[in-house]
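Hi,

Here is the structure I said I would pass on. Have a look at it first, and then read on for what I found in it.

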Amino acid sequence: MAMPSSESYSILLILAKIAVVLLVLMTTVAYAVWLERKVVARIQSRWGPYLVGPHGLLQPLADGLKIFFKEDFVPSEVDRVVFWLAPFLAFSLALLSIAVIPFGESITIAGKTIRFQITDLNVGLLFVIAVTSLGVYGVALAGWSSNSKYPLLGGLRSSAQMISYELSLGLGLMGVVMITGSLSLREIVEGQHSLWNVFKQPVGFLIYFTAAVAETNRVPFDLPEGESELVGGFHTEYSSFKFAMFFMAEYANIVTVSCLATLLFFGGWLGPVFGPPVLRSLLPVVWFCLKVFCFLFVYIWIRGTLPRFRYDQLMAFGWKFLLPVGLLNVVATSLVLALSSS
Amino acid sequence: MAALFYIFGALAILAALSVVLQRTPVYSALSLIVVLCSLAVVYLLLGAEFLAVIQVIVYAGAIMVLFVLVIMLLNAHREEPTDRSRVARILGAPLLAVFLGEVLYAVWQHFPPEQTPAAPAVNAGPRAIGELLFRNYVLPFEVTSILILVAVLGAVVLAKKQL
Amino acid sequence: MVPLAHILALSVILFGLGVAGFIVRRNIITIFMCIELMLNAVNLAFIGFSRYLGNLDGQVFVFFVIVVAAAEAAVGLAIIIAVQRNRESLSIDDLDSMKL
């Protein structure tokens, strides 16, 4: 059998990595839903899904089948093109940012070193921010195309919230970029061998995490889609498969944001490694997944515990508190860096 | 590599045609977003990686969001065809074709494709652009910051309910 | 690599489409979007030249063009909102009170 040429080999490798990562991501999203239902249920002193499979572990499968068989109706006066486009846009953007996230160091199989990352851009962090800022469109277009007042209000509120907290998100990350001197996600993790960035940038981490919760439209910032406020917000008129896409897009965003928090502040895949080379390559991935799981748990914990912000409180918090604190953090970090290097 | 330039260039032209020809403003805005993203890919192919991402973050992700939200809030309807000028309707497209043809001819004469020199390899990462920006171009940088401040104040005053 | 003439050709075509849209369309917001299209065509030309001269100044200029376009979009859309509030119309056929 002739060996494939080096270029087609690398294309095949990238396609294989994409397939594996997407599969893992979709499974994580499905089981994040299960985890949320279980944890929130326990916080509320009840059991959560219990009947389908042991401890409800097959519940996501049942939900998936239900979604496929549900009737998909489209209201008559909607703008059909945009109505169909919005959930696909939201879902594909949610999956796009996983392309630059590194899960571990690298593994050497048959003499070839394969990195645990689909592609390493040297502006990787900016790429994730770019995909996040495009994510506003899914929400805004869904709200507008539904041609109904609750979705429109929910969509407008939600997009205003997302663009407001995008600024604070970027400012929280600036400190880390200044300390590392690079925008490449792999290099940011490599810079944390001595000390995790969360100890060097505690304020930056808090700003980033708060802004991330607001960006993903989660409690306590989920007024635009809270059931008791706006029926369903921007996804009121959606049913069956398109609604499932919004739902999965939201959870995929949560996973992406958790991965990013792990990489930037908690040392990514760094952790104790030991044993034979195969184990040495796979243990960092395990550490990474454990840390991301901790973040998912914190997200769900916050959801079960905190009440919702009112919309004006939400916007005031984003502009009048988080943004100035972010700016002060950037100024303080640059002062410290300039004084300590001179 | 060069094939990607032609693919995304063609996509940009088709989307630009859609911007100009669509009757519904929301579709024009969405087509403009497609133009911006394809141009971002073209910038990436031409070695301007930082600017490609900045184009997506600022232009496609912030300015166009502003456009889309304003279109939604003002409830802009489909545009009815106007019958103001018959001359424009008859002569418009041919004149445009002549104008474009002339400019393209001039460009082709001045930069013949066969004689393109090899592009020198320059590192166009954020660090290189930042150094230029804060050394040679620090005055325009500060002036544009004031420009943005003035624009923010102006927009707030203009769009208020009661002045 | 891609010849400079092809990059400039793409830029010229986009610019021409922007000009055509600017002249033909009646809705103010669409006219504004054609202006943005023209600005983007110019940005592409800058980046093309920057690549073939090996000089990063072109890219810094594109940076400034994007920033100025943002400021212009903010103020322009605010003006459009004010006009819509006063005239109840988004068509430039109705905005001719300064015509002779």
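Chain B has 6 helices and 0 strands, so read along the sequence it goes α-α-α-α-α-α. Bear in mind that this is a predicted model, so everything below is computed from it. How spread out is chain B? Its radius of gyration is 20 Å, whereas the globule rule gives 15 Å for 163 residues, so chain B is more spread out than a compact globule. Its C-alpha atoms fill a box of roughly 50 × 45 × 25 Å along the principal axes. As for burial, 33% of the 163 residues of chain B count as buried. And if you take the contacts in chain B between residues at least 6 apart in sequence, 56% of them join residues at least 24 apart.

Next, the neighbours of chain B. The contact between chains B and C takes 69 residues from chain B and 57 residues from chain C. On the chain C side, helix H1 (4–24), helix H2 (28–53) and helix H3 (57–87) each supply at least two residues. Which of them gives the largest share? That is H3(C), with 22 residues. Sorted by class, the side of chain C that touches chain B has 42 nonpolar, 10 polar and 5 charged residues.

Chain B also touches chain A, and there the contact takes 15 residues from chain B and 16 residues from chain A. Helix H3 (residues 49–74) of chain B gives the most to its side, with 12 residues. The residues on that side of chain B divide into 12 nonpolar, 2 polar and 1 charged.

Last, a helix pair inside chain A. Helix H1 (residues 6–43) and helix H12 (residues 277–305) of chain A pack at an angle of about 45°, with their axes 9 Å apart. That angle makes H1(A) oblique to H12(A), and the crossing of the two is right-handed. If you want to find the spot in the viewer, look for Ala32(A), Leu35(A), Glu36(A), Val39(A), Val40(A) and Ile43(A) in H1(A). They meet residues of H12(A) including Leu296(A), Phe297(A), Ile300(A) and Trp301(A), as well as Arg303(A), Gly304(A) and Thr305(A). By class, this contact of H1(A) with H12(A) has 9 nonpolar, 2 polar and 2 charged residues.

Cheers

Key
Residues are numbered from 1 along each chain as its sequence is written. Chains are lettered from A and ligands numbered from 1 in the order in which they are written. This is a predicted model: local features need pLDDT of at least 70, side-chain atom pairs count only at pLDDT 80 or more; totals for chains, interfaces and linings use all residues. Axes are lines fitted to C-alpha atoms, for helices over the stretch in contact, and angles run from 0 to 180 degrees between N-to-C directions. Helices (H or I, at least four residues) and strands (E, at least two) are DSSP runs, numbered from the N terminus. Angles under 35 degrees count as roughly parallel, over 145 as roughly antiparallel, 65 to 115 as roughly perpendicular and the rest as oblique. A crossing is left-handed if the near helix is turned anticlockwise from the far one by less than a right angle, and right-handed if clockwise. Two residues are in contact if their C-beta atoms, placed from the backbone, lie within 7 Å. Ala, Val, Leu, Ile, Met, Phe, Trp, Tyr, Cys and Pro count as nonpolar, Asp, Glu, Lys and Arg as charged, and the others, Gly among them, as polar. The radius of gyration is taken over C-alpha atoms; the globule rule is 2.2 Å times the number of residues to the power 0.38. A residue is buried if 20 or more other C-beta atoms lie within 10 Å of its own, exposed if 12 or fewer, and partly exposed in between; C-beta atoms are placed from the backbone.
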